[in-house]
Amino acid sequence: IEIMTIASCALVVVRQNGHTLVAITRYMIMHLFGSGLLLMGIAYPLLFVVMALFALLTKLLGTLPSKDE
């Protein structure tokens, strides 16, 4: 996703106009903000699934007999 942003910036900066620099700065900020939201939207559900699996694994391993017994 960020590669597309860099390529778009390169195309717009070629014109060297004040309006294009302001526009590409706004575009980059919005695009990076959207990429961050996408990453968080993927990471948070994955985090909760992994936490649930670790809780289940801890529960299952806690019921195993020890070697000393």
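The expected span of a helix is 1.5 Å times one less than its number of residues. The questions below apply this and related criteria to a predicted model.

Q: What makes the reach of H2 close to the expected one?
A: H2 has 45 residues, for which 66 Å is expected at 1.5 Å a residue. From its first C-alpha to its last, H2 reaches 65 Å, close to that expectation.

Q: Why is Thr 5 called buried?
A: Buried means under 20% relative accessible area. Thr 5 has a relative accessible area of 2%, and is therefore buried.

Q: Where does Thr 5 lie, and which residues is Thr 5 in contact with, leaving aside its neighbours within four places in sequence?
A: Thr 5 belongs to helix H1, residues 2-13. With those neighbours left aside, its contacts are Tyr 27, Met 28 and His 31.

Q: Which residues of H2 are buried?
A: Thr 20, Ile 24, His 31 and Ser 35 are buried in H2. Over the chain of 69 residues, buried residues make up 9%.

Q: Why is Leu 47 called partly exposed?
A: The term covers values between the 20% limit for buried and the 50% limit for exposed. Leu 47, with a relative accessible area of 41%, is therefore partly exposed. Leu 47 lies in helix H2, residues 18-62.

Q: Which residues make the nonpolar surface patch of about 760 Å²?
A: Phe 33, Leu 37, Met 40, Tyr 44, Leu 47, Phe 48 and Met 51 make this patch.

Conventions:
Residues are numbered from 1 along each chain as its sequence is written. This is a predicted model: local features need pLDDT of at least 70, side-chain atom pairs count only at pLDDT 80 or more; totals for chains, interfaces and linings use all residues. Side-chain values use heavy atoms; hydrogens and water are left out. Patches are made of residues with over 30% relative accessible area and no salt bridge: like charges are joined within 9 Å, nonpolar side chains (Val, Leu, Ile, Met, Phe, Trp, Tyr) within 5 Å. Accessible areas come from the Shrake-Rupley method with a 1.4 Å probe; for residues, only the protein chains shown count as cover. A salt bridge is a side-chain nitrogen of Lys or Arg within 4 Å of a carboxyl oxygen of Asp or Glu. Helices (H or I, at least four residues) and strands (E, at least two) are DSSP runs, numbered from the N terminus. Buried means under 20% relative accessible area, exposed over 50%, partly exposed in between (1.4 Å probe, protein chains only). Contact means heavy atoms within 4.5 Å.
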